[in-house]
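Here is a short tour of one model, written for someone who likes to know what stands behind each number. Please keep the viewer open as you read.

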Amino acid sequence: MAAGTLFTYPDNWRAFKAQIAAQYSGARLKVANNAPAFTFGQTNRTPAFLNNFPLGKVPAYQGDDGFCLFESNAIAHFLSNEALRGATPQAAAQVLQWVSFADAEIVPPASAWVFPTLGIMHFNKQATEQAKEETKKVLSVLNQHLNTRTFLVGERVSLADVSVACAMLWLYKQVLEPAFRQPYPNVTRWFTTCVNQPQFKAVLGEVKLCEKMAQFDAKKFAEMQPKKESAPAKKEKPAKENAKPQEKKKKEEKKAAPAADEDMDECEAALAAEPKSKDPFAHLPKSSFVMDECKRKYSNEDTLTVALPHFWENFDPEGYSIWYCEYKYPQELTQTFMSCNLISGMFQRLDRLRKNAFASVILFGTNNDSCISGIWVFRGQELVFPLSEDWQIDYESYSWRKLDPSSAECKTMVKEYLAWEGEFKHVDDLKSTSSSYATVSERLKSSRNIQLQLIIMTCIVRLHFRLQVAFNNL
Ligand SMILES: N[C@@H](CCC(=O)N[C@@H](CS)C(=O)NCC(=O)O)C(=O)O
């Protein structure tokens with residue numbers, strides 16, 4: 001049985017397909033759709049996310065076993081059971097037919113018609129009229145098909161119903177008023193049957209059918225525009241699903257026009273709806289220390305002969321502070337790969353900190369006998385984690401000690417944690433506070449080459465360059 005996490009933004013009809021499929025199959029699905037687990041427009045642009053999902057788009061699925069999948073239809077298929085996918089080759093092909101029909105025939109006119117009513121797209125009378133006609137055609141096809149059937153494929157709900165119903169959700173909620181839907185009673189009967197199934201209801205809640213066709217709301221549209229400016233700039237706009245040939249041409253002509261004149265698609269609207277994030281370091285005076293440059297040196301050049309000298313030559317003790325951290329619950333650390341996930345998960349959640357922090361965190365030891373500690377360099381003189389709600393998940397599991405950058409202890413620790421080699425005497429000290437470390441520190445002491453020892457017996461996680469994770473898990 002599949003178990004994993006679905007990354008999305010709230011109320012994403014594409015994600016609903018996967019969520020409903022999971023309701024039917026019993027797949028254990030966690031939904032990460034808000035901070036701190038997932039912030040649309042931020043988390044999906046992090047190196048860690050892009051590493052798994054190169055398009056940075058949602059919904060995106062990651063199994064507890066690490067299996068990654070993007071594209072909502074593929075995710076919904078994966079989370080389905082055999083009955084949903086179609087038990088025979090014919091049924092499975094019919095399911096695929098309707099899933100494709102939803103994407104190719106329903107979504108484009110539905111978007112063109114509904115988006116202006118949500119204030120996320122300019123109103124264009126001709127485009128709306130064309131979308132209405134295309135919607136009528138789709139409704140006719142469905143009405144005819146459902147004349148003798150309860151569901152789209154076979155006698156039970158399948159992924160065909162899930163996909164088509166989700167693609168029609170906004171139509172039914174916003175614009176398919178009773179008079180418009182009256183010629184297509186089979187479709188409305190089928191739609192209400194679907195959305196009233198407990199598995200749909202668990203995801204969609206109560207779906208209230210449109211009573212009066214929503215119209216373009218100029219006020220809402222105007223309100224949405226200033227928010228749009230806060231949406232992170234996109235390198236390239238994805239092709240609009242609703243774009244008609246003449247619309248596309250118009251868009252191209254408008255390329256040079258100010259952003260406020262352009263329409264948003266549903267993704268941009270979701271981005272614009274995200275609360276603006278303030279710079280938590282805005283109150284600090286400028287610093288001469290260029291963190292990025294330092295990280296570049298650390299990543300590309302020899303640590304001991306180039307990166308460390310560069311760090312100490314340029315480090316600004318007024319603008320930055322150096323901290324030592326230790327995981328508070330080493331007795332709970334079991335498998336080293338799980339501890340690595342603990343650390344890399346923390347880095348992932350701290351991604352927005354990457355321009356203002358640098359860390360090297362090491363897991364010492366082996367399965368059921370390990371400890372985690374690290375060195376962090378932050379902007380400012382205080383612990384940074386309380387500055388943002390998004391950063392507060394992990395840090396309390398660590399004890400933190402500010403180091404004096406001019407002290408020999410600090411110099412040694414920075415050197416050892418950045419080079420991943422050295423005596424790590426303080427790890428030995430842990431031994432005196434907890435007998436369970438005897439074996440770890442013994443091994444470290446007896447090793448002629450600590451780095452080799454670490455690589456053989458531990459996993460090492462470093463937070464460097466954009467908090468990217470360097471991961472050795474043996
Ligand atoms: N065909 C894809 C479409 C996914 C998609 O376009 N997702 C948008 C949200 S509506 C997205 O994540 N956009 C983020 C971006 O473009 O940066 C699917 O069905 O999953």
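This is a predicted model: local features need pLDDT of at least 70, side-chain atom pairs count only at pLDDT 80 or more; totals for chains, interfaces and linings use all residues.

Residues are numbered from 1 along each chain as its sequence is written, and side-chain values use heavy atoms, with hydrogens and water left out.

**A helix pair**

Two packed helices are described by the angle between their axes and the distance between the axes. Helices are DSSP runs (H or I, at least four residues), strands likewise (E, at least two), and both are numbered from the N terminus. Axes are lines fitted to C-alpha atoms, for helices over the stretch in contact, with angles running from 0 to 180 degrees between N-to-C directions. Helix 5 (residues 89-117) and helix 7 (residues 159-175) have axes that come within 9 Å and cross at roughly 15°. That makes helix 5 roughly parallel to helix 7, a label for angles under 35 degrees. The contact (heavy atoms within 4.5 Å) involves residues of helix 5 including Val95, Trp98, Ile106 and Thr117, and residues of helix 7 including Leu159, Ser163, Trp170 and Gln174. By class, this contact has 17 nonpolar, three polar and no charged residues. Here Ala, Val, Leu, Ile, Met, Phe, Trp, Tyr, Cys and Pro count as nonpolar, Asp, Glu, Lys and Arg as charged, and the others, Gly among them, as polar.

**Threonine 117**

Is threonine 117 buried or exposed? With 4% relative accessibility, threonine 117 counts as buried, the word for under 20% relative accessible area (1.4 Å probe, protein chains only), while exposed means over 50% and partly exposed lies in between. Threonine 117 sits in helix 5, and its side chain reaches the backbone oxygen of valine 114 at 2.5 Å. The side chains of threonine 117 and glutamine 174 are joined by a polar contact of 3.0 Å. A polar contact is a pair of N or O atoms within 3.5 Å; within protein, one must be able to donate a hydrogen and the other to accept it, and residues adjacent in sequence count only if both atoms are side-chain atoms. Setting aside neighbours within four places in sequence, the contacts of threonine 117 include Val175, Phe216, Asp217 and Lys220.

**Asparagine 81**

Asparagine 81 is in the loop between helix 3 (72-79) and helix 4 (82-85) and is partly exposed, with a relative accessible area of 26%. Its side chain reaches the backbone nitrogen of leucine 84 at 2.9 Å. Not counting residues up to four places away in sequence, asparagine 81 touches Tyr24 and Ser25. Where the chain comes back, the C-alpha atoms of asparagine 81 and leucine 159 are separated by 9.4 Å, with the two residues 78 apart along the chain.

**Backbone features**

| Cis peptide bond | Omega |
|---|---|
| alanine 35 and proline 36 | about 0° |
| valine 58 and proline 59 | about 5° |

Proline 36 belongs to the loop between strand 2 (28-32) and helix 2 (47-52), and proline 59 to the loop between helix 2 and strand 3 (60-63).

Glutamate 71, although not a glycine, has a positive phi of about 80°; it lies in the loop between strand 4 (68-70) and helix 3. Phenylalanine 424, also not a glycine, has a positive phi of about 45°. Phenylalanine 424 counts as buried, at 1% relative accessibility.

Terms used:
Angles under 35 degrees count as roughly parallel, over 145 as roughly antiparallel, 65 to 115 as roughly perpendicular and the rest as oblique.
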